[in-house]
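Let's walk through this structure together, beginning with a strand and its neighbours and moving on to charged side chains.

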Amino acid sequence: MSNAYENYYNDYHKTTELQQNLKYKKKYKRLKRIIKDTVFENAALCDQVAQMQENLILVKDERLFLLRKLCQQQGEIDANSVLSKQSNFNSSAVNIDGVTPKKSSKKRNSTDVSETKPKPKRTSKATRKVVQIIPLDVHGRPIFPISLGDLTVYSLGEVVSDRLTYHSEDLIYPVGYCSTRAYASLRDARIKSLYTCKILDGGPKPRFEIVADNDLDQPLVGSSPDECHSLLLSAISSALCAIPPKGAEFFGISHPTIQNLIQSSPGTRKLALYKSQRFEVSKNQTNEMASNSMMEEETDPSLGFAALHRHFALTSGYRIKEEPNEQDLLSLQKLIA
């Protein structure tokens with residue numbers, strides 16, 4: 001009897017153990033299948049992430065390209081829309097007696113249509129200003145310093161839109177604007193000096209400063225660019241007082257390239273007096289634009305160092321002291337030795 005009970009007890013434990021083993025085996029297989037599916041899903045997600053990153057890189061490159069094109073083409077307005085508005089206005093105009101003119105009932109023949117020549121479209125190229133192509137960074141912003149001949153711009157500053165004196169119809173005077181220009185020295189007009197032009201916050205009116213590199217403690221201060229420029233000309237020589245000042249050109253804020261960048265700054269749409277200028281970029285005229293700016297500096301005595309010396313030579317017999325070249329210096333050193 002006891003042997004039969006022991007056999008029954010052993011068989012019962014064996015069956016329960018087998019059932020438990022089967023239960024854990026099923027759990028193990030299910031976990032193994034879940035892990036396998038998770039690994040495959042993770043690999044698919046990694047591939048999708050890599051593909052999305054490649055697409056993002058392509059989209060960023062396209063965005064930067066479009067941004068550069070937008071900066072270059074900014075300011076251009078289609079003249080056809082203006083002409084269409086003008087033609088609509090002329091067609092709706094009335095005569096002196098207040099009676100609208102009647103349309104002629106003549107029918108045009110095919111020969112008349114062929115004989116009529118299309119009118120040339122009017123373009124406003126005279127009012128547009130051509131800007132130079134300048135290097136941009138990856139975000140489409142200009143890379144400083146911007147070198148334009150003798151003029152070098154280091155900062156465009158910030159547009160002040162809540163004060164009317166910080167802009168006019170044609171120019172904007174951003175606070176923090178900084179540029180340099182090479183011109184005749186205050187101490188000796190025969191040598192060059194570097195002048196730093198700044199626009200500062202002067203409260204009700206902007207503060208314009210021109211500081212020479214060899215006389216930093218005595219800046220030339222004025223309430224307008226022309227006032228600063230006239231002070232500079234009179235300080236160099238009394239003979240230059242007859243030359244009309246060109247402060248905006250000396251500072252560089254009227255240069256088409258710099259003016260286009262300032263006009264593109266935030267806050268210009270809130271300006272009450274400023275009239276937006278139209279600019280265009282022409283790759284074929286880049287060299288011509290650069291030569292024109294250089295010609296202006298070479299021919300205008302108020303802007304160029306060489307033109308100033310020619311002005312002195314023509315007006316008062318002022319002789320230019322030429323700088324010795326390398327051969328003269330070497331021969332002079334040999335004589336001294």
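A residue is called buried under 20% relative accessible area, exposed over 50%, and partly exposed in between, with a 1.4 Å probe and protein chains only. This is a predicted model, in which local features need pLDDT of at least 70 and side-chain atom pairs count only at pLDDT 80 or more, while totals for chains, interfaces and linings use all residues. Residues are numbered from 1 along each chain as its sequence is written, and side-chain values use heavy atoms, leaving out hydrogens and water.

Five of its six residues are buried, so β6 is largely enclosed by the rest of the structure. Strands pair if DSSP finds at least two bridges between them. Antiparallel to β6 runs β5 (residues 192–200), joined to it by six bridges, with F208 as the partner of I199.

Now for the charges. A salt bridge puts a side-chain nitrogen of Lys or Arg within 4 Å of a carboxyl oxygen of Asp or Glu, and the structure holds six. D162 and R163 form one, at 3.7 Å; D162 is exposed at 64% relative accessibility, whereas R163 is partly exposed at 24%. D300 and K246 meet at 2.7 Å, N to O, linking parts of the chain 54 residues apart. D300 is buried at 9%, while K246 is partly exposed at 30%.

Definitions and conventions. Helix = DSSP H or I, 4+ residues; strand = E, 2+ residues; numbered from the N terminus.
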